Structure formats: C-alpha cells, structure tokens
Amino acid sequence: MLPVLLLFVASVLGAAAVAAEPAVPGPVLGHVDERTAHVWLRPAPAASVTLVVRDPAGKTVFEEERTAAAERDFCLHWAVAGLEPATGYAYSFVGADLPAGPWPFRTAPPADLPGRACLGFGSCASEEFPAVWERMAVEGVEAILLCGDTPYIDTSDLTRNRRRHREVLAQAGLADLVRSRPLVGTWDDHDFGANDSDGSKVDRETSRRAFTEYRAQATFGEEGEGIYTRFRRGPVEVFLIDARYFSRTGPSPVDPAQPTLLGARQWEWLKAALVSSTAPFKILATGMVWHDKPNKEKDDWQTYAHEREALLDFLAAKKAEGVVLLGGDVHVSLLLEHLPRGRLGEPLFEYVVSPLHDRVIPSLVPTQDKRLLWSAVEPNVFLRMVADTTGQTPTLTSTWIRMDGRRLHEHVIRLPRPARPAP
C-alpha cells in the first residue's frame, strides 16, 4: 500500500504545480467539510464532463457525468458526498479539451477534536495582482473566504455579471490557488450591483443568478433568496452573512418601524446557526463594516444599528464565546473593540481587511471612533487567521499581511479552557 500511496502523492503534487489555463475558468474547489466537497468547472459549451474523485490508494470514490447547459452559462457544479474526515483526495475530469489533472484536496478535520485551521480572508480585488494570491499559498492558507467586491461588476446586466465572474476566477494566482483549496464567499455592493446599493435598488435576482452559477458553495441562502452560508474548518466556523440582498426590502424582524438589513429568514437562520455551532471560534463575516463608516454612504452596520445591537444582545444572552466581527469594503485595514466589554463577558473585536488591490482610501479610517485600536492604509492586504485548539489555551491568531510578505499587525484572542459551545 505504501508504494501506491507515495506514487499517488507524487503525481498529485506534480499536477498541482502546473500553471492554470487562464482562458478556461476552473476547476474551482468550493465548499469542503468533513464529508463533502464541491467542485466547479465551466467547460466548452454543451460539453459532457465526468468528475472522478480518488482516495490516497487511487480507488475511485466518486464518478458522475454532467452536461454543460446554456441556461447556467455552461457552469457545472458537483457535490461529492461520502468522504472521510482529514483525508487527502484528488479529482480529475474525463472529457474533451479539459484542463489537466488530478488536483489534490483535503477534507476538514473532525470538528470537535483538538485541531488547527488556517484561513485567508480578503475583499476588494482586481485581476492585477497575482502575487497576493501566491502569498496566501506561501502562508499556508487552507481555505479562501472572499468578503465582497470580488469582482467589481457595478451593473445588473447578466452578460457582464457572468463575464466578470469568469475573469476573476481565471486570473493568475487565484486560479492556481482555488484548484486545491476551498473558495467560499459573500458579496458587497460592487458585486451585488452598484456602489452603496441595497436590495431595493438593483436587479438582485440577476446578481444572485450569476453568483450561484459561478460559485460551488454548499448553500446559497434559503428558498431561492440570498447567498448566505456557513463554513466550518476544525475549530473555527465562518458565518458568511448576506448584507445586500434583503437590505431595505421590508421591515426589520427586530424593529418593524425600521428597515431590515438581513431580512426575517436570514435573521432566523443566523440565530439558529449560531446556537447549533460547536466551534470554539465563530467569525461573523460580511462585506460591509460593523462600525460607522466615516463618509456620507449608508452601507454599514451602523445604519442598521437596531439589527446589530439585537444580534449582540442575542450573543450575550446565549453566552457565546470566541465571536469575531469581520468586514471589508473601505480600502483600509482596521481593528476595533466594540464596547462595553461586560456585555459578552469578554472583548468583542471587529476586523476589517481591505483592499486586495492597490487603491486605498485614507479618509475611511475612523479616527474619531474611540473603539479604534489599530489601522493601516496599505494596498494588497489579506488577513491570515489561524484557529488552534491543540494547546493548553484555544487561540485565534489573526495577521494582516501584505502581498510582499510584510506583517502589518497581529492580534491574538485566547479562550479559557475548555472552550464552551453556544447552548
């Protein structure tokens, strides 16, 4: 068995080093958990493609043929089930004119055992900086989570939406990265439809259609609405909140006199998901920032403070630990502490990571906000987040890193042992 396994590993690593074919988006590894993996590909029009997944011994554990259709812009999405936790696999395709393979991936470790996970977060991306994605690989990022403006689209036109999604997935650096590492995300205003947009201002159904065609996530909201989802990797769970689709489309579920941000269905989903989560660390990620953005725009959580405060009250009532707020959008990197501390029994921090591209906006540093602990006006930045429960104290170490490898700031959260899940 050992020679077979070594041969398998060698072939997989060799294939992973092959450069991506930028003209053909994909393949893309989407949501991956302990037992399932999602794979995306856009082959030639009307092509029939078979996805094959093999275990370390080379045994086929999944094989399924699909045919690309115009109604989904020839995008294919496979959901592979029946996998084993913390296990390496490789996938490839059978069909004409397809990218070479196989490509390796690894399922998530058992969720409630001591473990370690390394995630990479970013927002506000262009196709001009392949080195920022290459740096994520160098830093050992195991999964990529995009928090909006990835890509910039700024229209509800379906043709342009599809083209921009193809362009971002085919870009150098990212294309190589996501063939073997999970890619999941949410959107912000520019990939939702327009700057500072809400659910009442754009054709949200067209934006959602293109997004769901070009991503391989386990879920996209519920009942055909929204794109919210959750992603667990070992000791950390990320709740990717949709802060656009439902915004200003009806009354708030927490205050009917105010407009909603999350919508009633997403609000109930988020509460239930937080209660059911056993992850020591819980990241609430959206495209917009959780504080008051210091300009005239209203796309921040301060505009919907009634829902933000109700959410924080809910977390306090459930005695949730290890919660972090995360956002993007503003083209600067920030660390804030939401006060008062006693509300949750521990500090509640907000991380902002932006931009992946090179266009910074110094005026969006909230210098008058007493909650601000640190800021950086730097281009080409992502956030490397490492959750580790293998030691005496569960830790979440988050580092803002530039494309050239320079560390801008590191922040560590430590939990008491044992970490307790939300009841």
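Is E297 buried, partly exposed or exposed at 24% relative accessibility? In this predicted model, E297 counts as partly exposed. Its salt-bridge partner is K293, with the closest N and O atoms 2.9 Å apart. K293 counts as buried, at 3% relative accessibility.

A second pair joins E237 and R230, whose side chains meet in a salt bridge at 2.7 Å, N to O. E237 is buried, with a relative accessible area of 5%. R230 is partly exposed, at 27%.

The side chains of E378 and R406 also meet in a salt bridge, at 3.4 Å from N to O. This pair links distant parts of the chain, 28 residues apart. E378 lies in the loop between β17 (372-376) and β18 (381-388). R406 lies in the loop between β19 (395-402) and β20 (407-414). R406 counts as partly exposed, at 39% relative accessibility. Elsewhere, salt bridges that share partners join R42, D73, R162, R166, R209 and E213 into one network. The structure holds 32 salt bridges.

Nonpolar residues were examined next. The largest nonpolar core has 34 residues. L270, L274, L284 and L315 have the most contacts inside this core. Helices α7 (264-276) and α8 (305-317) and strand β14 (323-327) each supply at least two of its residues. Leaving aside residues up to four places away in sequence, L315 touches L274, L284, A320, V323 and L344. Another core, of 31 residues, lies apart from the largest one. Among its members are L145, F231, V236 and V238.

Notes: Residues numbered from 1 in each chain as written. Predicted model: local features only at pLDDT ≥ 70, side-chain atom pairs only at ≥ 80, totals over all residues. Heavy atoms only, no water. Core = buried A, V, L, I, M, F, W, Y, C linked by side-chain atoms within 4.5 Å. Buried < 20%, exposed > 50% of the residue type's maximum accessible area, 1.4 Å probe, protein only. Helix = DSSP H or I, 4+ residues; strand = E, 2+ residues; numbered from the N terminus. Contact = heavy atoms within 4.5 Å. Salt bridge = Lys/Arg side-chain N within 4 Å of Asp/Glu carboxyl O.
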